[in-house]
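Dear colleague,

Please find the sequence and the structure below.

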Amino acid sequence: PLIQPLASVQPVFAVRLFQTSPKVLDESLEQAAKFIGAGCATVGVAGSGAGIGTVFGSLVEGYARNPSLKTQLFSYCVLGFALSEAMGLFCLMIAFMISFRSIDKQVDNLLTGFKSDLFCN
């Protein structure tokens, strides 16, 4: 017959399993670790900003206490600024290195080159 009774209709359940290969999981874990590591390395930039603020705050305080030491205080201020800024830039550089480099690929390339040198000669 063209019309079937409701009792004979079998329910259809669509089951969709979430399957990932170990390689996909490794890549996702590596990406997450990169983001966490880069975020931790970026925290040093905030410390650099605080250090620069402290240096120039101390410069203003030193000027207020003894204006005759203006040139000597300014030279110390520039030195403190440079060291603090350098530390911030080092932190930022490490964050970028973590973000844009894959250690596994570098090690694989290094080992592949070593194996080819070892077995071809």
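Ser84 counts as buried, at 13% relative accessibility (buried means under 20% relative accessible area, exposed over 50%, and partly exposed in between, with a 1.4 Å probe and protein chains only). This serine is found in helix H2, residues 70–100 (helices, H or I with at least four residues, and strands, E with at least two, are DSSP runs numbered from the N terminus). Leaving aside neighbours within four places in sequence, Ser84 is in contact with Ser48, Gly51 and Ile52, where contact means heavy atoms within 4.5 Å.

Please note that this is a predicted model, in which local features need pLDDT of at least 70 and side-chain atom pairs count only at pLDDT 80 or more, while totals for chains, interfaces and linings use all residues. Residues are numbered from 1 along each chain as its sequence is written, and side-chain values use heavy atoms, with hydrogens and water left out.

Ser48, a partner of Ser84, lies in helix H1. Ser48 is also buried, at 7% relative accessibility.

Gly44 lies in helix H1, residues 22–65, and is partly exposed, with a relative accessible area of 24%. From Gly44 to Leu92 the C-alpha to C-alpha distance is 7.8 Å, although the two are 48 residues apart in sequence.

For the chain as a whole, there are three helices and zero strands, in the order α-α-α along the sequence. Of its 121 residues, 11% count as buried. Among contacts with a separation of 6 or more, 74% come from residues 24 or more positions apart. The accessible surface comes to about 10,300 Å², of which 70% belongs to carbon and sulfur atoms; such areas come from the Shrake-Rupley method with a 1.4 Å probe, and for residues only the protein chains shown count as cover.

The structure holds one salt bridge, defined as a side-chain nitrogen of Lys or Arg within 4 Å of a carboxyl oxygen of Asp or Glu. Glu61 forms this bridge with Arg65, and the closest N and O atoms are 3.5 Å apart. The two residues are separated by about one helical turn, because they are four residues apart in helix H1. Glu61 is partly exposed at 45% relative accessibility, whereas Arg65 is exposed at 67%.

With kind regards
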